[in-house]
Amino acid sequence: MEERKVKLELKDMAKKYDNGDGVEHINLKVYEGEIVTFLGPSGCGKSTILRTIGGFMDVTDGDILVDGQSIVNLPPEKRPTAMVFQSYNLWPHMTIYENLAFGLKLRKVPKKEIDAEIKKMLELVSMSGFEKKYPGQLSGGQQQRIAIARSLLLKPSLLLLEPFSALDAKIRQQMREELKKIQSDLGITVIFVTHDQEEAMALSHRIVVMNKGKFDQVGTPGEIYDSPATLHVASFIGEMNFIRNGGSTIAVRPEDIVVNKGHGPMEAVVRTIMMLGHYVVLTVQRGNEIIKCYVDRELSDQLREGDLVNLTIGKHTVFSQAA
């Protein structure tokens, strides 16, 4: 990763609001061709960072560099960035073609070139033949694609994306796949913001997990899933059991617990058995703790609620109680 070209760098960046909220001491390097996602609960500062990169908010301190050049004093339209807003911001009175051509016309691109670029871009986002339609005639997912196409036509160094949360779950999944394909076809650098951990895991080369204006962990989806750095990351990403053990907490994924029938060093009682297709979710009670395990169908067929089982903990992370 280190040999790759740094596309975006945030250097000790801060954005503070009058009420004291905001972000500070933000340091991050994003490499060319990466999809980096800021992930965290509402109000953790992820959208604030995205909007300072796009120029829609001023920074209070620090610097933002794209291709080694500071952009903090440039207005949004002069920055080498393009932002796709959650609300899409398409002009309802303009056709799709006019919406897409608008930015290129401002840049005095010849009409022949505009036509060719729009045709190519509509193919890329699977929207060929929609030129004469109006935004109101499109579904939310189609509008999102057009908004992405409009941004990409300006050939930005960085594509900034607000969440897909306005879309229903199925369309969001399609958009993820679409975006990943577009990104890999064009090799562009994408900064994405979401509170949906599944979306972050599916889309990103690296994830920045945020909590209360700070970075809890920066890593690949695999690193964050397998080796969470804090209890917050462990609880925020994927299913996790927290088992108290003396003065510490063991964080273990349901798939990393082996369940056997009968007695053993770590005994528990079966509470519920739920079949989810090819695997079964088992909840067991050990003292006051409820532990979730994933088991295969073969074992679940032999178990009944109230049975005694013993657990073996596989891959796990240990946190001190205070963590």
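**A surface patch and the overall fold**

W91, F102 and L106 come together as a nonpolar patch on the surface, with about 290 Å² of accessible area together. Patches here consist of residues with over 30% relative accessible area and no salt bridge, nonpolar side chains (Val, Leu, Ile, Met, Phe, Trp, Tyr) being joined within 5 Å and like charges within 9 Å; a salt bridge is a side-chain nitrogen of Lys or Arg within 4 Å of a carboxyl oxygen of Asp or Glu. Areas follow the Shrake-Rupley method with a 1.4 Å probe, and for residues only the protein chains shown count as cover. The model is predicted, so local features need pLDDT of at least 70 and side-chain atom pairs pLDDT 80 or more, while totals for chains, interfaces and linings use all residues. Residues are numbered from 1 along each chain as its sequence is written, and side-chain values use heavy atoms, without hydrogens and water.

Of its 323 residues, 48% count as buried.

Two backbone positions also deserve a look. H25, in strand β2 (residues 22-31), has a positive phi near 50°, and K108, in the loop between α2 and α3 (111-124), has a positive phi near 60°.

Definitions and conventions: Buried < 20%, exposed > 50% of the residue type's maximum accessible area, 1.4 Å probe, protein only. Helix = DSSP H or I, 4+ residues; strand = E, 2+ residues; numbered from the N terminus.
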